[in-house]
Structures are given as structure tokens and as C-alpha cells.
Amino acid sequence: MTVPTTSASAIASALIVAASDAVARVDRAFFKQARIFAVRHVVSGAEALAAVRRERPSLIFCDATLADMDGRDLVTALRADPELADIPVILAATGGTKAEVLSAVKLGVAGFLLRPYSEDTFRRHLAMAAHMARFAAAERAALARAAAKEADGDVEGAVRGYEALAEAPDDAPRHFEEGMAALAVRDVERAILAFHRALAANKLYVEAHLGLARAWLAKGSQRRYRHYMKQAANACARVQRFAELRDQFVTLLAADEAGFNPFLALGNELVRDRHYAAAVSLFRLALELAPKNADAYVGLSKAYHFLRRPDLAERAVRKGLSLNERHLEARVIHRRLTGQADTSEIPLADDQGKDASVQLPLLLRGVLYLAGLATETLVRPRRSAKAA
């Protein structure tokens with residue numbers, strides 16, 4: 001089953017909330033390029049709440065710093081009001097720490113956008129907001145129709161309307177949108193159920209895996225968050241939608257204090273399972289997310305070696321060492337590939353002249369041993385050729 005693309009057609013109007021007129025002009029220009037012309041601008045959170053209650057825009061595009069409050073404070077106020085809680089919000093900032101991004105994710109925002117942003121990035125965030133807006137609008141309309149029938153005395157018609165709403169078509173996009181709408185109001189349990197329904201309809205629906213990662217991150221479970229990030233990375237690689245979904249991965253990875261990269265983790269698993277060509281693809285995607293990750297270059301070097309591409313293997317490990325010259329495994333691999341001695345300054349003996357390797361922690365000695373064992377075969381072809 002193919003995954004349908006998402007347009008911003010559900011966004012008919014937008015409210016820009018930004019203290020700076022110059023910033024608002026830039027944002028308004030991007031909305032104009034997306035052919036969304038019903039756009040208003042206010043400078044404070046208080047003005048925004050009044051405007052939203054009066055006009056109910058399809059989307060709120062909020063700067064992280066406002067004239068009277070933090071942008072997250074405005075999102076919190078919106079989520080606390082049942083009448084406004086389902087309006088999607090995109091937060092924008094000139095910078096963001098992992099803690100700030102995590103805070104935004106937990107609030108259920110449709111996106112956290114870093115300035116300056118490109119038109120492509122803006123449209124991707126707009127598409128995510130459209131998912132939430134479209135479901136919310138459909139749900140409100142269905143509930144209104146059922147309530148109207150009930151008010152007219154058509155109890156059976158009202159019951160059918162409520163049942164139809166509860167038993168929606170079992171398709172992945174709609175369940176995904178339901179999950180995003182639930183996340184927007186911090187109903188995490190409902191969101192998890194909806195995302196699982198989406199995956200039951202289409203196990204390669206990347207957004208649903210990412211939705212589950214968001215949900216478990218909001219619940220504070222790093223283990224489950226990472227599990228679903230890996231599932232999302234696997235599905236993304238299989239359906240080749242990385243370019244389309246890159247920003248969503250970046251937003252979630254920014255909230256991970258340990259810097260977990262699901263594409264790197266999957267690449268390492270594929271190397272262990274001897275699927276080297278697939279591992280190369282995963283390591284390259286890992287580097288798209290984190291270009292300065294030495295571990296990804298080391299993994300890439302291993303995969304290229306087993307594919308009998310020593311030139312590419314050496315190039316990759318050199319890049320890894322240029323990023324982290326103390327990377328133990330990279331140094332071992334480089335030495336084995338090139339036959340050159342490691343001239344880095346590594347203490348070889350303690351003050352008493354004892355072998356320093358004896359003093360190394362057990363875990364570090366294990367890493368060194370496994371690195372040497374895993375790369376021992378790297379020089380065998382060269383030795384055999386010289387012997388011949």
C-alpha cells in the first residue's frame with residue numbers, strides 16, 4: 001500500500017503570533033507562497049487567545065518569544081480550553097535546546113521550526129498541521145450533526161451518527177490524524193491506540209511509527225520511544241520517504257538527550273546480520289541526520305569492507321577519525337586497512353612501567369578486543385596477495 005502525500009488544504013486561515021513585525025512579515029510571505037491568504041498577526045499571547053476565541057483560525061503559527069509570555073505558555077493555555085484545544089500549533093524559534101524541543105513535543109505541537117527556515121521545511125510542517133486540522137474539523141462536524149439529530153428528537157439517528165464517528169473506516173491516514181489530534185490535547189493513551197490502528201492498516205506508514213515515538217516520549221519511556229523510532233527508520237528506508245520526513249526525525253532526535261540515531265542503530269544491526277548493502281543505505285541516512293557522527297562513518301567503513309570496497313572503507317574511516325581522532329575502533333580499523341602504525345599519543349605504560357592495557361577498565365578492554373577481532377579480516381586479503 002502506498003502512503004498518500006499530505007497537502008495543506010485543511011489550512012484555510014492562520015494566526016501568526018510574534019512580537020517582531022519583521023519576523024511576522026517573513027512568516028506571512030511563506031503562507032502566501034503556500035496560497036494561504038487569510039492570515040492575521042498579533043504580538044502577544046493575550047491578543048492571540050482573544051483572536052482565536054473570536055475567529056478560530058485553522059492554524060496558529062507561534063513564535064517561541066512573545067511580548068507577554070513564552071510561546072509554550074500560549075500552547076498550554078490553548079490546550080486547557082476544550083473549545084480551542086484541537087487547533088494545531090506550530091512553534092518557531094531562532095534556536096532551541098533539547099529540553100525546549102522536548103517540552104514542545106510533550107505539549108503536542110504540530111511542529112517545532114527553527115529560523116531561518118526554507119519553503120520546503122515550512123510546507124512539511126504545514127502538512128503535519130493539516131493532518132491534525134483535517135481530523136479535528138471532520139470530528140467536530142460529525143459530532144454537530146449527531147447532536148442536532150438528538151436535539152430534534154431523532155434519537156436513533158443521533159445514535160447512528162455517534163456510532164459512525166466511533167467506527168470510522170479502517171484506513172491508516174485517518175487513524176494517524178486521530179492520533180495526532182489526541183496528542184494535541186495530550187490524550188496520549190488515545191493517541192497510542194489510534195497509531196496502532198493506523199499501522200494495522202499499513203505497517204509501513206512511517207508517520208504512525210513516528211506518532212508512537214512522540215506518544216511514548218510524552219509518557220517518558222525512552223525505551224519504547226527508541227523502539228518506535230527504529231521502526232519508523234526501517235519503514236522510512238523501505239518506502240524511500242526520507243527526504244519528505246527528515247524534519248520530523250530531526251525534531252524528535254533533538255529531544256533525545258543521548259543523541260540516539262535510529263538509522264545508525266539499524267545500520268549496525270544490519271552489519272551484524274550481514275546485510276551490508278542495506279547497511280550502507282542506513283548509515284548514509286544516519287549521516288543525513290547527524291553529519292558529524294563518527295560512529296556512522298565507522299559503521300559505513302565496515303559495511304564497505306565486507307562489500308569488498310576497500311577504497312570506500314578507508315575513505316569512510318578517515319572521515320570518522322577526522323571527526324573524532326580518539327575513536328578507538330576507527331583507529332584500529334584504519335591501522336588494519338592501511339597497515340600504518342597508530343602514531344597517536346596513547347599512554348602505553350603507567351608510571352611504574354607496567355603494560356597499560358592491564359590497567360584499562362574491563363569494558364574498554366572488551367571494546368578494543370572486539371574491534372580488533374571484527375577487523376582482523378581487513379588485512380588478510382592484502383597479506384595473501386603479498387605472499388602470493
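Predicted model: local features only at pLDDT ≥ 70, side-chain atom pairs only at ≥ 80, totals over all residues.
Q: How many residues of H12 are buried?
A: Eight of the 11 residues are buried, so H12 is mostly covered. The buried set consists of Pro-262, Phe-263, Leu-264, Ala-265, Leu-266, Gly-267, Leu-270 and Val-271.

Q: What covers them?
A: The cover of the buried H12 residues includes H10 and H11, together with helix H13 (276-289) and helix H14 (294-306).

Q: You mention H10; which of its residues are buried?
A: In H10 the buried residues are Tyr-225, Tyr-228, Met-229, Ala-232, Ala-233, Ala-235 and Cys-236. Their cover includes helix H8 (188-201), helix H9 (206-219), H11 and helix H12 (262-272).

Q: How far apart are the end C-alpha atoms of H10, and what span should its residues give?
A: The ends are 26 Å apart, and because 18 residues (222-239) at 1.5 Å a residue should span 26 Å, the two values agree. Just after H10, Gln-240 takes a positive phi of about 55°.

Q: Switching topic: how many cavities does a search of the whole structure find?
A: The search finds two cavities of 30 Å³ or more, and the largest cavity holds about 90 Å³ of space.

Q: Which elements supply the lining of the largest cavity?
A: Strand E5 (111-114), helix H5 (119-151) and helix H11 (242-254) each supply at least two of its residues, with the largest share, four residues, coming from H11. Among the lining residues are Phe-112, Arg-124, His-125, Met-128, Arg-214, Glu-244 and Asp-247.

Q: What is the lining like by class?
A: The lining of the largest cavity has three nonpolar, four polar and four charged residues.

Q: Last one: where is Glu-325 found, and is Glu-325 buried or exposed?
A: Glu-325 is found in the loop between helix H15 (310-323) and helix H16 (328-338). Its relative accessible area is 59%, and since exposed means over 50%, Glu-325 counts as exposed. Glu-325 and Ala-294 are 31 residues apart in sequence, and their C-alpha atoms are 9.3 Å apart in space.

Key:
Residues numbered from 1 in each chain as written. Heavy atoms only, no water. 1 Å grid on protein atoms, 1.4 Å probe; cavity = no way out; pocket = protein on both sides within 12 Å on 5 of 7 lines; lining within 4 Å. Points joined across faces, edges and corners; volume = space filled by probe spheres on them. Nonpolar A, V, L, I, M, F, W, Y, C, P; charged D, E, K, R; others polar. Expected span 1.5 Å × (residues − 1). Buried < 20%, exposed > 50% of the residue type's maximum accessible area, 1.4 Å probe, protein only. Contact = heavy atoms within 4.5 Å.
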